[in-house]
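Hi,

Here is the structure I promised to pass on. Have a look at it first, and then read my notes below.

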Number of protein chains: 2
Amino acid sequence: MTQFINAREVVVSEAIDGVLRGAGGRLARLDGYPHIKVVVRTDWDKSKVALVSGGGSGHEPAHVGFVGQGMLTAAVCGDIFASPSVDAVLAGILAVTGKAGCLLIVKNYTGDRLNFGLAAERARTFGLNVQMVVVDDDVALPDLPQARGVAGTLFVHKVAGALAEAGESLDDVAAAAREVIAGAVSIGMSLDTCTIPGSPKENRILQGHAELGLGIHGEAGAEQVSFETARQAIEMVVGRLAPAMKPGPHAVLLNNLGGATQLEMSVLAEELAKSAIADQLRWIIGPAAMMTSLDMQGFSVSLIPVSEEAERALLAPAAPTAWPGVAPFGAVEVLPLPDGLTPIQPMPSENPARRTLIARCCDILIDAERALNGLDAKSGDGDTGTTLATAAKDLKQALDRLPLADTTQLYRAIGMELSQTMGGSSGVLLAIFFAAAGDASASGQTWIESLSAGLDRIQQVGGARPGDRTMIDALAPALTHLGTGFATAATAARAGADLTATIGRAKAGRASYVSEDKILGHNDPGAEAVARLFEKLRDACQ
Amino acid sequence: MTQFINAREVVVSEAIDGVLRGAGGRLARLDGYPHIKVVVRTDWDKSKVALVSGGGSGHEPAHVGFVGQGMLTAAVCGDIFASPSVDAVLAGILAVTGKAGCLLIVKNYTGDRLNFGLAAERARTFGLNVQMVVVDDDVALPDLPQARGVAGTLFVHKVAGALAEAGESLDDVAAAAREVIAGAVSIGMSLDTCTIPGSPKENRILQGHAELGLGIHGEAGAEQVSFETARQAIEMVVGRLAPAMKPGPHAVLLNNLGGATQLEMSVLAEELAKSAIADQLRWIIGPAAMMTSLDMQGFSVSLIPVSEEAERALLAPAAPTAWPGVAPFGAVEVLPLPDGLTPIQPMPSENPARRTLIARCCDILIDAERALNGLDAKSGDGDTGTTLATAAKDLKQALDRLPLADTTQLYRAIGMELSQTMGGSSGVLLAIFFAAAGDASASGQTWIESLSAGLDRIQQVGGARPGDRTMIDALAPALTHLGTGFATAATAARAGADLTATIGRAKAGRASYVSEDKILGHNDPGAEAVARLFEKLRDACQ
């Protein structure tokens with residue numbers, strides 16, 4: 001089995017039950033499994049015209065997904081791509097039809113026409129008023145007198161559904177349905193065939209090609225065309241539909257045939273908005289999977305002209321969750337970027353002691369480049385030393401424009417410099433460290449408290465904890481002891497850094513993907529950098 | 001290109017614009033393409049807590065699809081499976097954050113944590129109150145201290161969204177988000193890998209296997225497991241989730257990873273309802289594609305325990321159309337089959353003349369079996385004669401139970417007999433013919449008018465017209481002339497039948513698939529049957 005089903009024989013009935021489980025009591029099925037698979041509205045009193053549709057399964061969410069207030073009254077489901085039996089259709093009609101009568105909405109396939117047709121005859125012998133309309137919206141085969149019914153059927157469900165819900169007569173509902181059918185045109189395009197449950201997949205579409213003008217039962221498209229881009233695909237589809245369009249505004253239904261991604265469908269929507277018929281597209285339904293062909297990686301475009309009446313019916317409320325609604329098809333609203341993305345440069349200011357300290361820190365890291373690269377080679381790509389050294393060189397160059405006299409501004413400025421010059425996640429983490437320290441400083445905390453706040457923040461954002469074999473293993477103990485001077489802090493940092501050599505399994509960062517035996521016995525390069533920093537600062541203070 | 005896109009570089013921005021085209025003005029984007037891809041609500045006055053989420057693209061409808069009243073305020077989109085830049089996140093925060101502050105909802109991936117984290121720091125330098133929560137709902141790798149964030153993120157969007165919409169403070173919204181995160185668990189399963197636009201597809205899953213415990217960026221699952229059925233798939237998934245569940249009722253989110261069909265997803269929902277944890281599943285969200293991994297043929301199941309507060313927040317209204325809503329997860333409601341499926345047997349009655357006529361018709365068709373099979377072999381599978389002869393034999397057997405004295409009932413009874421004994425579309429069409437004739441007879445029409453009504457109905461239902469090379473080519477002229485006697489009718493039927501030999505291209509029925517040279521010169525077997533019937537009846541009358 002290459003699909004999430006249990007067996008081909010039960011896939012449709014199990015799927016229907018799965019839908020009903022989450023329907024909140026709005027839907028029920030008739031007690032006729034396995035032969036009779038009929039889903040009906042539970043809020044139905046037969047006082048209005050009933051709408052019964054259906055056909056083979058494999059087109060989900062059609063047709064069960066469109067049963068509910070404002071659309072279908074009942075859906076009659078066959079097996080995959082197979083018409084339901086006459087008995088099943090009759091059961092559906094009898095279950096929902098009262099004095100107001102019933103309209104059968106049938107897609108133009110021989111099996112469906114005949115079985116729905118005979119069921120209608122049988123229902124009439126009970127004195128029921130039953131009419132039937134046949135949807136033939138596919139323009140793929142213009143010479144075929146019997147055009148197929150595809151996704152344009154949804155227009156019929158929606159318009160007839162709104163009128164029926166409004167209490168119109170069967171004659172009026174059927175007339176409106178026929179008018180929709182007369183105006184509806186559709187065509188589909190696909191890059192791959194569909195997978196019928198339990199059957200091997202047919203690979204008939206050539207590489208670099210698409211099928212244009214396909215039905216929804218896995219049958220081959222009317223032609224294979226070369227395929228390059230979404231733009232060209234929409235151009236071809238629009239080229240087939242445009243000659244069949246009437247003047248005036250239209251509603252477009254952009255249907256996912258099942259296996260196209262939402263990214264693809266949205267790109268196709270965008271191309272429709274740029275297409276030759278864009279001016280005529282007033283409303284859009286979708287993009288969404290409405291009338292699918294199992295997992296077919298394709299789409300279809302359906303159009304109807306919208307009179308005032310059709311517009312009102314399309315926009316009327318509808319309960320079925322599979323109906324994506326009708327939205328105006330319009331321009332993209334673009335708002336200006338907010339201020340603040342270009343950081344305000346702080347006013348440079350002087351503080352000789354801080355200038356010396358920062359320069360010294362930078363020199364320490366520049367000197368450690370080779371050693372740190374060597375350690376990083378054990379667990380990464382051997383560039384930690386270079387990354388830090390490069391950032392340090394850049395920071396030294398920036399000393400003249402730093403606000404050295406203002407602690408808060410200085411932390412923030414260092415963070416900003418690092419975020420702009422230092423690549424990789426360590427650059428972002430250090431930028432966060434200094435930005436958070438600046439925040440703490442702004443709220444009146446001491447410099448050690450501020451650095452500790454930075455440490456807290458990078459643990460929160462980066463997710464690393466002491467013992468995870470990161471620079472935190474040296475930085476955390478160093479900051480804890482910094483209150484008693486650089487000497488104690490350096491000793492603590494060194495102890496912490498050396499401890500990382502005993503941690504075989506890194507729990508965060510890139511080293512977490514490296515096997516234990518490669519890193520045991522070697523210090524983490526980030527922790528080593530911190531230890532060296534504090535040791536050298538201690539030496540300089542002595 | 002094997003996808004409906006234009007180029008990998010623009011797929012995300014074109015897709016976002018495609019979504020905005022149909023958003024009815026509810027959504028806008030910031031003017032920052034290509035680097036800054038941020039979608040915001042247009043109905044937003046910054047008076048409440050803003051919710052900003054996002055991450056790499058390829059998870060559609062997440063995150064743009066969840067922007068709107070009651071859920072996200074802004075979505076920040078990276079390229080496919082790539083974290084958005086710090087500037088992009090900052091732009092999103094600045095665009096929507098007012099005095100009430102902003103909550104960043106981030107899935108637990110290093111790039112997202114760091115870039116959202118640094119953007120938060122930068123936003124704080126503007127005096128904005130920004131908090132960040134990290135979602136880590138994936139239970140696939142229990143030993144990993146950094147669990148990934150997957151579809152359980154939707155719970156956070158929904159619950160935090162409801163509280164923010166209700167005007168709760170940032171602290172309260174963030175606390176609620178953290179509580180949801182603490183309780184949320186998810187795991188995914190897939191039968192195939194995803195296709196990254198513009199890249200060749202990786203086929204790493206063995207035949208008959210599935211990946212269990214996968215992330216949403218195309219990375220390999222935690223393990224490959226043997227896969228047989230949907231039931232066993234849900235058992236495995238539930239087996240991993242159950243130990244992490246809390247006591248009491250839960251909400252389950254059944255997520256399509258992108259490429260599973262709606263049939264499969266519904267079958268999986270049904271299996272959840274039969275699973276070991278079914279008793280604890282009070283609510284269901286989906287099945288629907290919410291947090292996808294492009295076209296991955298897989299699903300994920302996410303759970304959270306529902307307190308009264310969580311329930312209220314989950315059920316609160318939400319505008320985003322990608323949110324499928326929360327439904328009670330319940331039993332399948334089954335209604336009894338309607339009466340009338342078992343046709344009431346009419347009371348038998350006698351009419352010797354009609355008995356003789358019907359028996360004669362049957363004999364004519366029985367005698368014609370071989371000749372009609374021969375004609376059918378030219379365009380079909382050579383069984384028209386046998387089909388008609390078998391039905392005729394059955395009808396002769398049924399003569400004693402037919403209501404021969406009542407024309408209306410007799411037509412209907414013959415239609416019913418034929419629908420039960422005669423296979424194929426011709427059986428259905430003849431059943432419709434006699435049922436419609438019965439209806440006409442019931443409304444007082446003559447026997448010829450009644451038969452004509454039957455003819456009208458089979459043309460309407462079957463779609464064939466005179467000239468389409470069907471039995472109608474003989475039946476229509478025969479009925480037209482029947483008023484002047486069997487002789488004229490027979491002549492007309494014969495002429496019509498013989499004319500079918502000159503129709504090279506059948507326009508309806510199975511012969512429409514057969515090439516012209518195979519059928520030219522041979523009568524259509526259905527038309528021939530009708531002609532023989534009338535000719536033999538004429539001969540018997542003479």
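Where is the place of B:Phe81 in chain B? B:Phe81 sits in the loop between β4 and α2 (86–96) of chain B. Phi of B:Phe81 is near 55°, which is a positive value in a residue other than glycine. For the labels, helices (H or I, at least four residues) and strands (E, at least two) are DSSP runs, numbered from the N terminus.

Some housekeeping before the rest. This is a predicted model, where local features need pLDDT of at least 70, side-chain atom pairs count only at pLDDT 80 or more, and totals for chains, interfaces and linings use all residues. Residues are numbered from 1 along each chain as its sequence is written, chains are lettered from A and ligands numbered from 1 in the order in which they are written, and side-chain values use heavy atoms, with hydrogens and water left out.

**How the two chains are related**

Two copies of a chain are related by a rotation about an axis and a shift along it.

**Where they touch**

Chain B puts 112 residues into the contact and chain A puts in 112 residues (contact means heavy atoms within 4.5 Å). The two chains bury about 9,200 Å² between them, 64% of it on carbon and sulfur atoms; buried area is the accessible area (1.4 Å probe) that two parts lose on being put together, summed over both. In chain B, the residues that lose the most area to chain A are B:Phe4, B:Arg21 and B:Leu263, together 11% of what that side buries.

The rule finds 6 salt bridges across this interface, a salt bridge being a side-chain nitrogen of Lys or Arg within 4 Å of a carboxyl oxygen of Asp or Glu. For example, the side chains of B:Arg231 and A:Glu14 meet in a salt bridge at 3.8 Å, N to O. On the side of chain B that touches chain A, helix α7 (residues 262–273) of chain B gives the most, with 10 residues. By class, that side has 58 nonpolar, 30 polar and 24 charged residues (Ala, Val, Leu, Ile, Met, Phe, Trp, Tyr, Cys and Pro count as nonpolar, Asp, Glu, Lys and Arg as charged, and the others, Gly among them, as polar).

**A sheet with strands from both chains**

Look for the open sheet of 7 strands, in the order β14(A)-β1(B)-β2(B)-β4(B)-β3(B)-β5(B)-β6(B), with mixed pairing (two strands pair if DSSP finds at least two bridges between them). Its edge strands are β14 of chain A and β6 (130–135) of chain B, each pairing on one side only. Strand β14 (residues 334–335) of chain A runs parallel to strand β1 (residues 27–30) of chain B over 2 bridges, and A:Val334 stands opposite B:Arg29. β1(B) also pairs antiparallel with strand β2 (residues 38–41) of chain B through 3 bridges, where the bridge partner of B:Arg29 is B:Val39.

- Over all chains the count comes to 54 salt bridges. In one of them, the side chains of A:Glu223 and A:Arg240 meet at 2.4 Å, N to O. A:Glu223 lies in strand β9 (residues 223–226) of chain A and A:Arg240 in helix α6 (residues 230–241) of chain A, so the pair ties together parts that are 17 residues apart in sequence.
- The peptide bond from A:Tyr33 to A:Pro34 is cis, with omega near 0°.
- B:Glu60 and B:Pro61 are joined by a cis peptide bond, with omega about 10°.

Cheers
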